Amino acid sequence: MTTTPTADAGPGEQLDALDRRLIHALSLDGRASFSRLAAVLGVTDQTVVRRYRRLHGERLLRVIGLPAADRLGMSENWLRIQCAPGAAAPIADALARRPDTGWVKIHSGGSEVACVVRSFSTDERDALLLQKLPRTQHVTGFTAQTLLHTFTSTTPSRWLDGSGLTAEQARELTRPQPAGDGEEIRPDAADHILLDLLARDGRTGYPELARATGRSESTVRRRLEHLREAGALCFDVEILPVHFGLTVQAALFATVAPHNLDEAGRALARHPEIPWVAAATGTTNLVGTVLCRDRRALYTYVTEGIGALRTVQQLEIVPVLRHVKRAGLLTDGTRLREPPAR
């Protein structure tokens with residue numbers, strides 16, 4: 001089965017064919033200039049600028065810079081927080097306001113909050129895991145899994161594939177795979193500012209990045225390109241999957257034997273229904289996200305897609321009830337806009 005949407009998907013009617021091609025193009029190179037995007041799409045520069053500003057201004061789209069934790073010396077932990085009845089929403093909102101959290105969501109049932117926590121030091125991590133959460137009222141328990149390896153880190157927004165770009169257009173915008181090897185990059189104070197700005201708006205201009213970091217524009221340009229080439233930073237588009245006809249989202253927790261972990265992770269990463277999957281500590285040593293058109297498609301994927309992987313010993317699929325924070329909040333503090341109810 002495929003999760004690529006058709007033109008008549010209900011919520012996606014807010015996006016026309018050119019919108020979809022532009023979004024797909026930005027998912028391949030989020031920092032591509034408007035003139036380059038226009039040349040690939042076969043339209044004028046003014047058309048691309050106008051379309052992008054509308055999508056961004058109406059909070060339908062955001063380009064984000066995503067740091068690669070393993071290349072920057074960061075620790076990543078996947079938290080599942082059990083809450084007293086009625087407490088999940090305020091706890092999720094509080095976590096969403098923290099700068100070190102991403103993808104804060106409330107799972108089906110309404111009493112469990114899940115999120116990813118990124119920390120540059122063990123002190124930052126331990127302050128949340130050992131002090132803040134255990135003392136939080138209405139938190140009845142939590143588990144923390146360290147993310148060991150992300151299998152889909154170099155394939156941004158693969159669920160956009162097939163949304164309009166031809167294979168030739170996609171090749172023109174696809175960047176070479178980053179080296180991802182060599183010594184770990186230790187970000188300095190200016191790098192932290194740079195990463196923070198790009199996490200909020202991946203298309204922040206070089207003049208603004210230079211002013212904020214105290215570096216020259218040429219230095220910022222070279223540094224940003226170095227981080228990309230080293231696999232320490234990539235760019236993706238943040239857009240609600242429902243706009244592409246994908247209405248069901250779920251968390252995946254799977255258990256495989258250690259010697260099958262890499263094989264199973266790579267296999268899941270090839271599935272179009274899986275935008276993200278990672279190896280983790282704990283008994284459920286594969287965690288991920290599932291996107292499907294509807295519950296019937298989710299059932300088909302679980303039984304036929306994951307079901308075909310003999311290495312998976314146990315599986316838990318938990319529907320997402322509500323997304324409180326995705327990669328982060330918009331620069332004005334608002335969230336991506338949900339489509340109107342139909």
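How many helices and strands does the chain have? The chain has 12 helices and 10 strands, where helices (H or I, at least four residues) and strands (E, at least two) are DSSP runs numbered from the N terminus. This is a predicted model, in which local features need pLDDT of at least 70 and side-chain atom pairs count only at pLDDT 80 or more, while totals for chains, interfaces and linings use all residues. Residues are numbered from 1 along each chain as its sequence is written, and side-chain values use heavy atoms, with hydrogens and water left out.

**The chain as a whole**

- Of the 342 residues in the chain, 52% are buried; buried means under 20% relative accessible area, exposed means over 50%, and partly exposed lies in between (1.4 Å probe, protein chains only).
- The chain exposes about 16,100 Å², and carbon and sulfur atoms supply 50% of this area; accessible areas come from the Shrake-Rupley method with a 1.4 Å probe, and for residues only the protein chains shown count as cover.
- Among contacts (heavy atoms within 4.5 Å) between residues at least 6 apart in sequence, 77% join residues at least 24 apart.

**Strand β2 and its partners**

- Strand β2 covers residues 75-83 and is mostly covered, since 8 of its 9 residues are buried.
- β2 pairs with strand β4 (residues 112-119) in the antiparallel sense over 8 bridges; two strands pair if DSSP finds at least two bridges between them.
- Within this pairing, Glu76 stands opposite Arg118 in β4.
- β2 also runs antiparallel to strand β5 (residues 139-150), to which 7 bridges join it.
- Ile81 has Phe142 in β5 as its bridge partner.

**Salt bridges**

- The structure holds 19 salt bridges; a salt bridge is a side-chain nitrogen of Lys or Arg within 4 Å of a carboxyl oxygen of Asp or Glu.
- One of them joins Glu112 to Arg80, with the closest N and O atoms 3.1 Å apart.
- This pair links distant parts of the chain, as Glu112 is in strand β4 and Arg80 is in strand β2, 32 residues apart.
- Both Glu112 and Arg80 are buried.
- Arg80 also forms a salt bridge with Glu316, and here the closest N and O atoms are 3.3 Å apart.
- Arg80 lies in strand β2 and Glu316 in strand β10 (residues 312-325), so this pair ties together parts that are 236 residues apart in sequence.
- Arg80 has a relative accessible area of 12% and is therefore buried, whereas Glu316, at 33%, is partly exposed.
- Another salt bridge joins Arg175 and Glu225, whose closest N and O atoms are 2.8 Å apart.
- Because Arg175 lies in the loop between α7 (167-173) and α8 (189-200) and Glu225 lies in helix α10 (residues 217-229), the pair ties together parts that are 50 residues apart in sequence.
- Arg175 is partly exposed at 27% relative accessibility, and Glu225 is partly exposed with a relative accessible area of 27%.
- Salt bridges that share partners join Asp16, Asp19, Arg51, Arg54 and Glu58 into one network.

**Nonpolar cores**

- In soluble globular proteins, nonpolar side chains tend to be buried together.
- A nonpolar core is a set of buried Ala, Val, Leu, Ile, Met, Phe, Trp, Tyr and Cys residues joined through side-chain atoms within 4.5 Å.
- The largest such core has 40 residues, of which Leu22, Ile23, Leu26, Leu37 and Leu209 touch the most other members.
- Elements that each supply at least two residues of this core include α1 (17-28), α2 (34-41), α3 (45-57) and β6 (233-238).
- The largest share of this core, 5 residues, comes from α1.
- A second, separate core of 23 residues includes Val248, Val256, Ala269 and Leu309.

**Aromatic pairs**

- Rings of Phe, Tyr and Trp (its six-membered ring) pair if their centres lie within 6.5 Å; planes under 30 degrees apart count as stacked, over 60 as edge-to-face and the rest as tilted.
- By this rule the count comes to 3 aromatic pairs.
- Phe34 and Tyr52 form a tilted pair, 5.5 Å centre to centre with 55° between the planes.
- This pair links Phe34 in helix α2 with Tyr52 in helix α3, 18 residues apart.
- Phe34 is partly exposed, with a relative accessible area of 23%, whereas Tyr52 is buried at 8%.
- Ring pairs also link Trp78, Phe253 and Trp276 into a cluster.
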